[in-house]
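Hello,

Here is the structure I promised to pass on to you. Have a look around it first, and then read my notes below.

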Amino acid sequence: MHHDGSYKMKNLVPPNFKLERFFAKHEFNVQHLLCCSDAEAIKMSDLLEKADDECRELWDNLALSYTDSCGHPLLRKEIAEMYPTITVHDVLVVVPQEGIYIAMKAFMDTFINNQQKPNQKPHVVVTYPGYQSLYGNLESDGADVTYWKAQYDNKSGWYFDIRHLQQVIKPHTKLLVVNFPHNPTGWVPSLQQWNEVVNICKEKKIFLFSDEMYRLSNNDNSEALPSACSLYENAVTLSGLSKTFALPGLRIGWLCTQNKAMMLKFQSFKDWLTICMSSPSEILAIIALRNQPWILQHTMGIIHSNLEQLDTFFTIYSEFFEWHRPPASTISFIKLKPKLLGKANGSVSDWCERLAQDAGLLLLPSSVYDYDDSFVRIGFGRKGMKETLSVLERYILK
């Protein structure tokens, strides 16, 4: 309270979500999207053809009513079966972005209510660059956020250094937030590296939030990493159907954790947001999870084809682009060389704006991640790569 009796309130509206504002401006105003992170969406008619008798009956007799706030029991069962040690009681169905918001608010509530030093901000480490809500919610709520920054090597591409993680963790660190496979670089740790990350959290009694939206998208014949929620009782996994499962329109995701107290907080907080999910979306999600091999074959077929085309394209035009094929996900973060940026005063942001205006083709500049203005995010989960690369080729050669 000020001396005049008035209150000073912090901003109640979060800052602009730069990536989403960029897409809001351009996504539906250009012809060619070369930066999207989702896979080619599956048609509802094709998905319904895969329904078993039980799901067909659920769909045909579906009433558009309120649903179980934790998620349809059959949907939670299908989700739980994806993760060893997880039961239906450890699953909360959410909209993916809502899941991040719920988890970060619950973490901060826990840290603030349990802190031993009243004036010490909860310390959090977050992979960076990254999806803004993974660190933006925490920063807005007063956390002391340190970035575990991705490293870039001109010869081998992107990676995260475990030694750097060990250096940025402090005695009072409460939470580690990671996103593997990583948005926007596509990097994924080895199993040994992943176990090191989880063990660091166990040893130091740090909560672990693991954004696994791109899980099951490995394109290098390696197996997907075990989920964090199956490895550590104080880990929370976020995943969903928007990326690898090619069903972003369903708006179905989930939070999984063995920590009963945190799950109760998640459930309670959801009551202030969506309350429950869309009933048609939940039935379609059950069908999807009962047909995982079919969906993954759909997505990975597109990814493999597109990566071969990108390998060829960037080999031909290596004077303009620095390309390192990512081991997983539907996206990569590639460096643009000075020769390409000459007409845009060396600015990737300006070059992307001109590309959108002049060629109707969208690439995502690194500036939307508050990162060095030298990279663009490229997406390779959708069809139409040949035509899109032809448009890009004409633009860079004109």
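**Pocket and cavities**

The largest pocket has a volume of about 530 Å³. It is lined by 23 residues, and those closest to its centre are Glu20, Ser37, Tyr131, Ser242 and Lys243. Two helices, α1 (18-26) and α5 (96-114), each supply at least two residues of that lining. Please keep in mind as you read that this is a predicted model.

There are also two cavities of 30 Å³ or more. The largest cavity has a volume of about 90 Å³, and the residues lining it include Phe180, Pro181, Trp194, Arg215 and Leu216.

Leu216 has another point of interest. Its phi is positive, at about 75 degrees, although Leu216 is not a glycine. You will find Leu216 in the loop between β8 (207-211) and α9 (228-231), where it counts as partly exposed at 23% relative accessibility. Arg251 is also not a glycine and has a positive phi, of about 55 degrees. Arg251 sits in the loop between β9 (235-240) and β10 (253-257) and is partly exposed, with a relative accessible area of 36%.

**Salt bridges**

The structure holds 16 salt bridges. Here are some to look up.

Lys18 and Asp370 meet through their side chains in a salt bridge of 2.5 Å, N to O. Lys18 belongs to helix α1 and Asp370 to the loop between β14 (364-365) and β15 (375-379), so this pair ties together parts that are 352 residues apart in sequence. Lys18 is partly exposed at 39% relative accessibility, and Asp370 is partly exposed with a relative accessible area of 40%.

Lys105 forms a salt bridge with Asp141, and their closest N and O atoms are 3.0 Å apart. This pair links distant parts of the chain, 36 residues apart: Lys105 is in helix α5, while Asp141 is in the loop between α6 (133-140) and β4 (144-149). Lys105 is partly exposed, with a relative accessible area of 22%.

In a further salt bridge, the side chains of Lys170 and Asp144 meet at 3.4 Å, N to O. Lys170 lies in the loop between α7 (162-168) and β7 (173-179) and Asp144 in strand β4, so parts that are 26 residues apart in sequence are tied together by the pair. Lys170 counts as partly exposed at 34% relative accessibility, and Asp144 is partly exposed with a relative accessible area of 26%. Elsewhere, salt bridges that share partners join Asp52, Glu54, Glu78 and Arg290 into one network.

**Aromatic rings**

How many aromatic pairs does a search of the whole structure find? The count is 33 aromatic pairs. One of them is formed by Phe313 and Phe321, a tilted pair with 6.1 Å from centre to centre and 50 degrees between the planes. Both Phe313 and Phe321 are buried.

Tyr371 and Phe375 make another pair: their ring centres are 6.2 Å apart and their planes are at 55 degrees, so the pair is tilted. Tyr371 and Phe375 are both buried. These two residues also belong to one aromatic cluster, together with Tyr128, Tyr135, Tyr147, Tyr152, Trp158, Phe333 and Tyr369.

**Cis bonds and a buried glycine**

Tyr128, from that aromatic cluster, is joined to Pro129 by a cis peptide bond, with omega about 0 degrees. Pro129 lies in the loop between β3 (123-128) and α6. The peptide bond from Asn183 to Pro184 is cis as well, with omega near 20 degrees, and Pro184 is found in the loop between β7 and α8 (191-204).

That loop between β7 and α8 also holds Gly186. Is Gly186 buried or exposed? At 0% relative accessibility, Gly186 counts as buried.

**On the surface**

Finally, turn to the outside. Tyr101, Trp272 and Leu273 make a nonpolar surface patch of about 350 Å². Trp272 is in the loop between α10 (260-270) and α11 (279-289) and is exposed, with a relative accessible area of 73%.

Enjoy exploring it!

Best wishes

How values were computed:
Residues are numbered from 1 along each chain as its sequence is written. This is a predicted model: local features need pLDDT of at least 70, side-chain atom pairs count only at pLDDT 80 or more; totals for chains, interfaces and linings use all residues. Side-chain values use heavy atoms; hydrogens and water are left out. Patches are made of residues with over 30% relative accessible area and no salt bridge: like charges are joined within 9 Å, nonpolar side chains (Val, Leu, Ile, Met, Phe, Trp, Tyr) within 5 Å. Accessible areas come from the Shrake-Rupley method with a 1.4 Å probe; for residues, only the protein chains shown count as cover. A salt bridge is a side-chain nitrogen of Lys or Arg within 4 Å of a carboxyl oxygen of Asp or Glu. Helices (H or I, at least four residues) and strands (E, at least two) are DSSP runs, numbered from the N terminus. Buried means under 20% relative accessible area, exposed over 50%, partly exposed in between (1.4 Å probe, protein chains only). Rings of Phe, Tyr and Trp (its six-membered ring) pair if their centres lie within 6.5 Å; planes under 30 degrees apart count as stacked, over 60 as edge-to-face and the rest as tilted. On a 1 Å grid over the protein atoms alone, a cavity is a set of points where a 1.4 Å probe fits but cannot get out, and a pocket is an open set with protein on both sides within 12 Å along at least five of seven lines; lining residues have an atom within 4 Å of a point. Grid points are joined across faces, edges and corners, and a volume is the space filled by probe spheres set on the points.
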